[in-house]
Amino acid sequence: MSELLTLGVSHKTAPLELRERLSLTEGRAVGALHELTAAPGIHEAAAISTCNRTELYLVVSDPVEAESTALGILTRQAEIRPTELLGHLYSLRAEEGARHLLRVTAGLDSMIVGEAEIQGQVKRAFELSMVEGGTGPVLNRLFRGALAAGGRAREETGISEKGVSIPSVAVELARRALGSLSDRRVLVVGAGETAELVARALVVRGVGAVFVANRHYDRAIGLAQRFEGSAVRFEELPEQLQEADIVVSATNSPHHIVERDELAQVMATRTERPLMLIDIAVPRDIDPSCREVAGVSVHDIDDVQQIVERNESGREAEAKRAERIIEAELERFERWLGLQEVVPTISALREHGDEVVRRVLAENEGRWESLSEADRERVEKMAGAIASRLLHEPTLRIRRSACSGEAYVFISALRELFGLDVETALESEGGEGTVTELRRSDTGRGSA
């Protein structure tokens with residue numbers, strides 16, 4: 001039998017230092033997906049990696065063995081020892097793992113409840129996993145349901161009403177520290193989705209001078225033009241640091257782009273003008289030791305939490321409404337999964353009944369030599385009807401069990417009593433694949 005297994009760390013369980021080491025860039029995610037799906041007993045795999053979390057979603061034969069395998073792959077990618085994850089890693093199975101993905105996608109497990117970015121991040125992670133051949137019928141169905149439920153949660157509740165996001169809170173952090181931002185010169189490093197949200201929040205706050213630096217200059221130009229800012233070349237970063245009052249960095253770089261020594265040289269030329277650095281990238285763009293440079297204040301994504309807590313009031317009721325949407329989608333997924341278990345068992349049961357009828361008729365062939373062809377046909381039909389009548393009630397009950405959440409109990413009993421050997425062929429919108437039976441597990445669950 002196979003099962004859904006979710007492994008991960010998040011801002012709730014692990015410090016930033018550990019999260020950034022476990023962060024999966026696209027290249028590392030592809031490598032991890034290939035390793036995972038090549039491992040025995042892991043049938044499907046998807047990986048989500050954001051500033052707040054790194055999570056693996058797996059369909060596996062043996063959850064204990066698969067957890068050990070996946071943990072080894074994840075820690076090798078991060079170049080850390082598995083023991084370093086003790087107390088930080090959560091392991092969720094079956095229904096709890098599915099519920100977790102639904103809550104993550106809806107923004108209910110985010111640092112900022114209802115944040116909009118996570119929906120797109122989950123969608124991109126799912127698409128990458130599909131392209132790399134990691135997903136199959138189960139994860140395809142689960143992720144599509146999660147994205148649909150996440151969209152509904154935002155449309156039908158007020159969890160996203162205030163438009164609060166990590167970039168907007170980062171800008172609020174600067175405003176609280178420095179007061180009005182209208183006369184401040186702000187440098188945004190990066191030109192992706194997060195950087196765009198930073199630029200938008202800066203304009204809303206009245207910042208007049210927004211400069212955008214990016215390794216790909218054409219992307220810096222495109223972002224700067226959208227907000228009437230100015231693009232600068234990445235190699236001009238030291239000169240821009242000399243002029244800026246605030247730097248907000250949000251790149252996908254695997255390495256620091258601002259180091260302590262070069263920043264110390266910059267600050268030596270600023271004639272005691274302070275510099276505020278806000279790093280919302282994971283892995284971090286700004287070397288944490290930059291805090292040691294005189295005149296510099298450095299804030300990372302964990303610092304955002306202090307403001308987030310003040311913005312959460314009033315969202316509890318909306319979050320509860322969103323939870324109801326999540327539970328409804330989870331129930332749909334469980335029913336779908338139950339049907340994938342039930343249908344092959346019913347087919348096997350019917351085939352078993354037909355085989356018994358054929359065998360009994362063959363064993364008694366010599367006793368019916370005097371029967372006419374018409375009578376022989378009547379006997380065969382009657383035998384088939386008796387088998388069908390006997391199996392009718394068990395068939396009805398097992399079908400009902402798929403909707404009541406008791407499918408596993410009925411399936412196990414039928415397979416044991418009738419000696420059925422079944423492999424479950426699952427088919428979904430995303431394609432077709434054969435895996436061993438999936439079930440809901442009531443044992444061995446971890447907790448986030």
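## Helix α2 and its buried face

In α2, the buried residues include Ala29, Val30, Ala32, Leu33 and Leu36. Look down the axis of α2 and these buried residues fall within an arc of 165°, so they line one face of the helix. Everything here comes from a predicted model, by the way.

What do the buried residues of α2 pack against? Their partners are β2 (42-49), β3, α3 (63-78) and α5. Over on the other side of α2, Gly27 and Ala38 are exposed. As for its dimensions, α2 covers residues 26-38, 13 residues in total. From first C-alpha to last it reaches 18 Å, close to the 18 Å expected at 1.5 Å a residue.

## The chain as a whole

Stepping back, the chain has 15 helices and twelve strands. It runs to 448 residues, and 51% of them count as buried. Take the contacts in the chain with a separation of 6 or more: residues 24 or more positions apart account for 75% of them.

The chain has three aromatic pairs. One of them is Tyr57 with Phe143, an edge-to-face arrangement at 5.7 Å centre to centre, with 85° between the planes. That pair ties together distant parts of the chain: Tyr57 belongs to strand β3 (residues 53-60) and Phe143 to helix α6 (residues 137-156), 86 residues apart. Tyr57 counts as buried because its relative accessibility is 0%, and Phe143 is buried for its own 0%.

Phe143 also pairs with Phe126, and here the rings are stacked: 5.2 Å centre to centre and 15° between the planes. Phe126 sits in helix α5 (residues 117-131), 17 residues from Phe143 in helix α6, and this pair links distant parts of the chain too. Phe126 is buried, as is Phe143.

## Thr50, between two strands

Thr50 is in the loop between β2 and β3. Is Thr50 buried or exposed? With a relative accessible area of 8%, Thr50 is buried, since the cut-off for buried is under 20%.

Thr50 also has a polar neighbour: a polar atom of its side chain lies 3.1 Å from the backbone nitrogen of Asn52. Setting aside neighbours within four places in sequence, Thr50 is in contact with Ile118 and Gln121.

## Phe211 and charges over rings

Phe211 is part of strand β6 (residues 209-214), and at 14% relative accessibility Phe211 counts as buried. Which residue lies over the face of Phe211? That's Arg185, at 3.7 Å from the ring centre.

Not counting residues up to four places away in sequence, Phe211 touches Arg185, Val186, Leu187, Val188, Ser230, Val232 and Gln240. Ser230 is 19 residues from Phe211 along the chain, yet their C-alpha atoms are separated by 4.8 Å. There's another charge over a ring to look at: the charged end of Arg233 sits over Tyr217, 3.9 Å from the centre of the ring.

Key: Residues are numbered from 1 along each chain as its sequence is written. This is a predicted model: local features need pLDDT of at least 70, side-chain atom pairs count only at pLDDT 80 or more; totals for chains, interfaces and linings use all residues. Side-chain values use heavy atoms; hydrogens and water are left out. Rings of Phe, Tyr and Trp (its six-membered ring) pair if their centres lie within 6.5 Å; planes under 30 degrees apart count as stacked, over 60 as edge-to-face and the rest as tilted. Helices (H or I, at least four residues) and strands (E, at least two) are DSSP runs, numbered from the N terminus. Buried means under 20% relative accessible area, exposed over 50%, partly exposed in between (1.4 Å probe, protein chains only). A charge sits over a ring if NZ of Lys or CZ of Arg is within 6 Å of the ring centre and within 35 degrees of the ring normal. The expected span of a helix is 1.5 Å times one less than its number of residues. The arc is that of the directions from the helix axis to the C-beta atoms. Contact means heavy atoms within 4.5 Å. A polar contact is a pair of N or O atoms within 3.5 Å; within protein, one must be able to donate a hydrogen and the other to accept it, and residues adjacent in sequence count only if both atoms are side-chain atoms.
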